[in-house]
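User: Could you go through this model with me? I have a few quick questions.
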Amino acid sequence: MPPHTSALTAHANPAAVSLAVSVVVFHPDRSWLEATLSSLAEALSFARAAGVLDAATVTLVDNAAATPTSEFAGMLPSWFSADADWVQTRVLAGHGNIGYGAANNLAFAQTPGANFLLVLNPDVRMDRAAIASSIAQLTLDPGCGMVTPVADAPDGTPLFLVKGYPRVWVLAARGFAPD
């Protein structure tokens with residue numbers, strides 16, 4: 001178990017803790033999405049076993065589907081076994097490409113009352129203790145409003161996710177000379 005999970009034993013909130021997860025897709029790489037869902041299922045189960053999570057709702061928002069039926073409709077339940085009745089799943093589709101932020105808002109609007117929200121990209125492989133550690137930290141420190149992950153590239157090199165607001169010349173360079 002990673003050393004950062006020691007805060008798990010300090011979970012002092014006796015109230016039921018629920019997590020809403022939003023995964024927004026637009027023609028995703030299916031193998032990456034499957035890896036994401038697999039790691040999410042493992043992390044949710046770990047958080048439940050650690051006693052920091054009582055219920056979860058996983059919503060996959062298909063921004064590419066033009067009809068209410070999505071090719072991913074059967075995918076979510078297959079990642080959460082029948083013994084995980086504390087995890088609800090849903091696929092939202094048919095709204096078209098409303099954008100990433102609006103799609104996450106759509107998912108979370110349908111999950112009122114969740115204690116915590118997780119925006120999860122469809123190409124992420126999550127450490128099994130990530131959700132448990134995050135919930136433990138957020139529960140222990142009421143002044144903390146958001147946590148971000150430590151991220152590594154597939155080859156193990158660190159990715160630096162936190163970036164300051166870019167200057168105009170940086171935006172121009174990204175637009176006209178992205179390499």
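User: Is Thr-36 buried or exposed?
Analyst: Thr-36 is buried, with a relative accessible area of 0%, where buried means under 20% relative accessible area, exposed over 50% and partly exposed in between, taken with a 1.4 Å probe and protein chains only. This is a predicted model, in which local features need pLDDT of at least 70 and side-chain atom pairs count only at pLDDT 80 or more, while totals for chains, interfaces and linings use all residues. Residues are numbered from 1 along each chain as its sequence is written, and side-chain values use heavy atoms, with hydrogens and water left out.

User: What does Thr-36 touch?
Analyst: Leaving aside residues up to four places away in sequence, Thr-36 touches Leu-120, Asn-121, Pro-122, Asp-123 and Val-124, a contact being heavy atoms within 4.5 Å. The C-alpha atoms of Thr-36 and Val-124 are separated by 5.2 Å, although these residues are 88 apart along the chain.

User: And which element holds Thr-36?
Analyst: Thr-36 lies in helix H1, and Ser-39 has its place there too, the helix covering residues 30–49. Helices (H or I, at least four residues) and strands (E, at least two) are DSSP runs, numbered from the N terminus.

User: What about Ser-39, buried or exposed?
Analyst: Ser-39 is buried, at a relative accessible area of 8%, and, not counting residues up to four places away in sequence, Ser-39 touches Val-124, Arg-125 and Met-126.

User: Which other residues of H1 are buried?
Analyst: Besides Thr-36 and Ser-39, the buried residues of H1 are Leu-33, Ala-35, Leu-37, Leu-40, Ala-41, Ala-43, Leu-44, Phe-46 and Ala-47. What covers the buried residues of H1 includes S1, strand S2 (55–62), helix H2 (75–79), strand S4 (116–119) and helix H4 (130–140).

User: How far apart are the end C-alpha atoms of H1?
Analyst: The end C-alpha atoms of H1 are 28 Å apart, which agrees with the 28 Å that its 20 residues should span at 1.5 Å a residue; the expected span is 1.5 Å times one less than the number of residues.

User: Where is His-27, and what is its phi?
Analyst: His-27 is found in the loop between strand S1 (18–25) and H1, and its phi is near 50°, a positive value in a residue other than glycine. His-27 counts as exposed, because its relative accessibility is 59%. After H1 comes Gly-51, whose phi is also positive, near 85°.

User: Switching topic, what is the volume of the largest pocket?
Analyst: The largest pocket has a volume of about 1,400 Å³. On a 1 Å grid over the protein atoms alone, a pocket is an open set of points where a 1.4 Å probe fits, with protein on both sides within 12 Å along at least five of seven lines, and lining residues have an atom within 4 Å of a point. Grid points are joined across faces, edges and corners, and a volume is the space filled by probe spheres set on the points.

User: Which residues lie nearest its centre?
Analyst: Of the 37 residues that line the largest pocket, Val-124, Met-126, Thr-148, Pro-149 and Val-150 lie nearest its centre.

User: Which element gives the largest share of the lining?
Analyst: H4 gives the largest share of the lining of the largest pocket, with six residues.
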